[in-house]
Amino acid sequence: MPNTLETFEQLVRHRTVKELLPFLLALDKRDVVPVRQRTLSLEKELQNSFEPTGQPDQTRSQLTAQRAHLLFLAGLATYSAKESRRLSPWYGFDLTLPDDWSAEAEAPPFLAVIRQFKPAWLGEWLARRTRENGWAAPQYSFVRELLATELIAYAPWLTAQSVAMLPNHYNWRRNHAPGGDITDLDLIMLADMRADDTLLRRDLPLLLDFDTMVDSSSAWSGKERKPVTWQTLLAELLAGGHLDRGEWLTHCLLALRRDFRRPLLTWIKTLYANLKPTPEELLARQSELRELLSHPLPLVVNFAIDQLKEIWGRPAFDLATLLPLAEALLSRQDLKTGLRTLLTGLDRLLKADAAQAAPLARLYASALAHADAGVQERAAKSLAALLGAKKPVLNAAQTTEATDTIGAYAELLGPPARAALAPWLTAAPAAPVIPGAAERYEPVADFRPELSATTAVAPVADWHELLFLTGQVLRHDDPLALERWLEGLLRLQAGLPADYAGQLLPYLPQIITWGREAGQPLTAEQAREVVRLGQQVLGHTGLAEAIILSWMLDFAEPLVPLVTAGQYADFDPLVRAEQQRLAFAETLLRARRALPLLSTPTHAPHWLAPTVLVQRLLAYQAAGQEPDSADLSIALARLVWANAEDRAAATAELSQLKHDGLRELIVWLLAPGITPLPTSATEAPDPSKTAAPAGATLTETLPWLWAVAARTRQPAGEFPALAALTPPDCANVVRPCAMNWEVVAASRTHKVSWKPGITEETEHWLELQVRPLAPVAAPPASVALYSLYTAAPVNPKYCWNDLAALGANYPYLAGLLPQYPAPLHWRPFTLSTMRDTGETGFRQILSQVLRGLLAPGPALDEPAALHLALGLTYPQPPVRALALETLLATIDHGRLVPATLADALGKLVSAGFAPLPRLTGGLVQARAISPRTDDALRQLLEALLPALPATPPRQTNALLTLYLDLPGRAGHPVPAPVQARLREWSASASLKKLSAALLA
């Protein structure tokens, strides 16, 4: 007769819920732990076992949906809180009660098991699942049943999540209805809610207390598929008196004070607005509305101002309390429309209470410092009305204070504000205008990285720092930490403590996140299998993880070469070169050779001093170790050849290097002036070795190292002599690869079945496409770093995964091409086209590129300027703010080339890809920061204005106002191309005056 465990396994493998349920309900207490352990082991066993599907060469996991559901029920019955963390219902077997179920009806299997075993961890488990996925919130009727039977304790947060999903859960009923439609589903939902006093009084208000999916949950009613949302449901319940209108008005205002998602705050704001509060209701809640003025989001502040403006002319309105809050808002540059509304309203309040003239004058004067021209103009007009009143409302001291403030902010005022305050602006004695006397902006011609003690990279001091740095490396957010860690590991390997592997074990769960029992020792077979499968250790992140796993095993076998990009991605070409470099480091570690990588930076963030490179090459020579070609290629790309003092010292030591070809290459690269390539670099290599196979010697790869050195020394140079080394159409060898980008209109038509009378819809958008001007060939060697991206194939199935990986790895890859990053900057656009809607994938990589441009570096080339132009006109404000910070940083470091950026901006705006107001709003904030910045903006605008179309885009007047008022424009005549464009625009009524002022 089979024992309990054998019976359990037979039921799981060959039976159904009907047979398993009686077995579980009759389970003896002493059998709970053995069945729990068998459940865990059987799940793993079935998951890793495969059976034929009946189709040729196809198999499937033995853990079918039916078996997984049976194991889930067994877990409900036997698991402790610890094991419950891995418990999850299989898709299609959710914890859902039938539509017409009542407490007296037969319990579904999962509820019968819960009633029998009463797991103490059930409430925490439901909450944890909901936090991981808001759409997995438990069914509200299920939660009510558990509460009624005291199987869980009342938890407001969990209840709020389940209430929020009520429309969705009702919508599931359509899956069982004929035709997939339920007539008057909205009325059915309302009837059920009106009959449930607990829902109305206790649980529905929780929707405003917690961040839930209430703004997304919905259903469809009837054949016409009428949308049913919480907005429509709550409106009916409030209108019918089933919910207290006053309580919900107050509750909405209190909810807007919380740190909720923007969409949820918008939903609450809409709910409040739909209730259309009366002036009396607003006056009763003016204290709650005033508190919203301190909210960090403009969305909420503007809403509060819109509500307050309806009542601030009423006698019961408390103006004295509002003024300090209004003054605090003036320092917020993210508020524009709301501040203009506020200032307009304060003008009306002054008529009702003249005693407030002095504080209002100070408030108006403070508003003159705001970056928005509209806010300035509104404040200037209000202040002018106070100062110029026929019957004085300010005393002499107050008037002097106001005029002094006007004078202090005079340089910040735009033309409209200056015109309004002209009678009170003190005219300074006019200084003679000397063209060119002001600080002039000029892009950096030859960028020279700083090699000093300030930027020097400190080596890892000891084992303790190396152990700490291992955790930093696993975070994968600091390229320099990886470089320091590799250098320290190679140098300190011989002196590590005997139990170092045990001290590394706490890092193991960060690498192998599942499929391994806690405390289980790591074996070489397990590490090899984890790396080979490409599910947990993969991509650029997996390279360092593979070295750590290999380190834990005392470098028993190489693991870095086994790392793949994963199942749904392609390996980035530069990551492949990095893999070769780190595989070489692993080889040195396995051989116990304390040699550094040639490419390890000596100065932050990724620069290599020539003297150190030569010293490392000599150390390799003394040890009889040939350099790795990928490591040497990256070292050449990072080499600071422009530092005269260091390169002189390095050149003096080069005579000791015995490899003639490598010595000649470095001598040429470090030469003080530009010299022709030597004969050895231009000789055609042996045709039989043009492929430079893996494991090629230094001599075999040397011709392509010349290509890297030449492009590093002269990024824009042409080297016809290198044509013999590579195919004629290989990018960035003989000459820089020319790329063409354009904005193209695209559309897609798709079928529609859920909208009455509509069978199909067409979506239109603009997309940015980038292609090489001419066909390109793949590089003949993987060490040709600058040629890898242009010819790399793109798999349309994985392009978005590859784009996400590029965004995650960008800081590391940028450190491989610091002196000529153009191939890397073009790469996102060749992976996938970019739409004008601002997709999340492009937002990540765009933000990474912009952060990379914040540091000192070479002048921005075309792709870098395109990224900056896209950032300045991006749909999301956080990206535009980052782009503005990048623009100012590139001006400070001399990286900005105004004509290049203006060309990109002009093409984007002219094609309709980016609206001009997004750009103007940022450029206005950059005004009057410094004379150098103003001059850079002047050059940018003078190149941009002729690039805009003859038909002026919307709000061109704001751009012309900025140009007219730019302090850096003094002494510089309007260029002829700008004059020609202004004459064309003068036909427009909105631009006539501005054009005339500039042409005067």
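Is Arg-131 buried or exposed? Arg-131 counts as exposed, with a relative accessibility of 59%. Here, buried means under 20% relative accessible area, exposed means over 50%, and partly exposed is in between, using a 1.4 Å probe and protein chains only. You'll find Arg-131 in helix α7. Helices (H or I, at least four residues) and strands (E, at least two) are DSSP runs, numbered from the N terminus.

A quick word on the model: it is predicted, so local features need pLDDT of at least 70 and side-chain atom pairs count only at pLDDT 80 or more, while totals for chains, interfaces and linings use all residues. Residues are numbered from 1 along each chain as its sequence is written, and side-chain values use heavy atoms, with hydrogens and water left out.

**A mostly covered helix**

Now look at helix α9, residues 156–164. This helix is mostly covered, with seven of its nine residues buried. The buried ones are Leu-158, Thr-159, Ala-160, Gln-161, Ser-162, Val-163 and Ala-164. What do they pack against? Their partners are α7 (122–132), α8 (140–148), α10, α12 (197–203) and α13 (230–239).

Asn-809 belongs to helix α38, residues 799–814. Contact means heavy atoms within 4.5 Å. Setting aside neighbours within four places in sequence, Asn-809 is in contact with His-476, His-540 and Val-575.

Most residues other than glycine have a negative phi, and most peptide bonds are trans. With that in mind, here are some spots to check.

Asp-184 isn't a glycine, yet its phi is positive, near 55 degrees. Asp-184 sits in the loop between α10 (166–171) and α11 (185–194), and it is partly exposed, at 39% relative accessible area. Lys-276 also isn't a glycine, and its phi is positive at about 50 degrees. Look for Lys-276 in the loop between α15 (262–274) and α16 (279–284); this residue is exposed, with a relative accessible area of 65%.

Where does the cis peptide bond from Ala-604 lead? That bond runs to Pro-605, with omega near -5 degrees. Pro-605 lies in the loop between α31 (573–590) and α32 (610–623).
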